[in-house]
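User: I'd like to learn how to read the features of a protein model, one at a time. Could you walk me through this one?

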Amino acid sequence: SSGINAEWPLRPGVQSHRIRITLTSRNLKSLEKVCTDLIHGAKAKDLDVVGPVRLPNKNLKITTRKTPCGEGSKTWDKYEMKIHKRVIDLKSPSETVKQITSISIEPGVEVEVTIADS
């Protein structure tokens, strides 16, 4: 089973880092497109990839009265924003990650790269 904490195969002679890329977005289609682009780029460079791991959505809800003055019937508006999150783990040198993450990233997708020495 390949989980997030799976043992990574070691490559001799190369200083590899364990890299975690966290992607967040409100738009699911653009988030999935960036995920697939990153994974295709990583697999083209023959890197070890784990993910994308789909994390639970954050649902931000606001319920407000429709009328601004408080008069009239009590009608309510409900607004909801869903934030989707994906995590991709890589095992590679940091220079290679710069090349992979230099792809065109869709607007509205936030990318956070965390590097941990292994």
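This is a predicted model: local features need pLDDT of at least 70, side-chain atom pairs count only at pLDDT 80 or more; totals for chains, interfaces and linings use all residues.

User: Which residue forms a salt bridge with Lys33?

Analyst: The general idea is a side-chain nitrogen of Lys or Arg within 4 Å of a carboxyl oxygen of Asp or Glu. Here the partner of Lys33 is Glu106, with 3.6 Å between the closest N and O atoms. This pair links distant parts of the chain, since Lys33 is in helix α1 and Glu106 in the loop between α2 (94–100) and β4, 73 residues apart. Glu106 counts as partly exposed, at 25% relative accessibility.

User: How many salt bridges are there in the whole structure?

Analyst: A search finds six. One of them joins Arg54 and Glu32, at 3.4 Å from N to O. Arg54 belongs to strand β2 (residues 48–65) and Glu32 to helix α1 (residues 28–44), so this bridge ties together parts 22 residues apart in sequence. Arg54 counts as exposed at 51% relative accessibility, while Glu32, at 22%, is partly exposed. Glu32 and Arg54 also belong to a salt-bridge network with Arg86.

User: What about Lys61 and Glu80?

Analyst: Their side chains meet in a salt bridge too, at 3.9 Å from N to O. Lys61 is in strand β2 and Glu80 in strand β3 (residues 76–92), 19 residues apart. Lys61 is exposed at 60% relative accessibility, and Glu80 is partly exposed at 47%.

User: Where does the charged end of Arg65 sit?

Analyst: Look for a charge placed over an aromatic ring. The charged end of Arg65 is over the ring of Trp76, 5.6 Å from the ring's centre. As for ring-to-ring pairs, the structure has zero aromatic pairs.

User: Which residues form a nonpolar patch on the surface?

Analyst: The patch consists of Ile105, Val111, Val113 and Ile115, which together have about 290 Å² of accessible area. Val113 lies in strand β4 (residues 109–117) and is partly exposed, with a relative accessible area of 38%.

Methods: Residues are numbered from 1 along each chain as its sequence is written. Side-chain values use heavy atoms; hydrogens and water are left out. Patches are made of residues with over 30% relative accessible area and no salt bridge: like charges are joined within 9 Å, nonpolar side chains (Val, Leu, Ile, Met, Phe, Trp, Tyr) within 5 Å. Accessible areas come from the Shrake-Rupley method with a 1.4 Å probe; for residues, only the protein chains shown count as cover. Helices (H or I, at least four residues) and strands (E, at least two) are DSSP runs, numbered from the N terminus. Buried means under 20% relative accessible area, exposed over 50%, partly exposed in between (1.4 Å probe, protein chains only). Rings of Phe, Tyr and Trp (its six-membered ring) pair if their centres lie within 6.5 Å; planes under 30 degrees apart count as stacked, over 60 as edge-to-face and the rest as tilted. A charge sits over a ring if NZ of Lys or CZ of Arg is within 6 Å of the ring centre and within 35 degrees of the ring normal.
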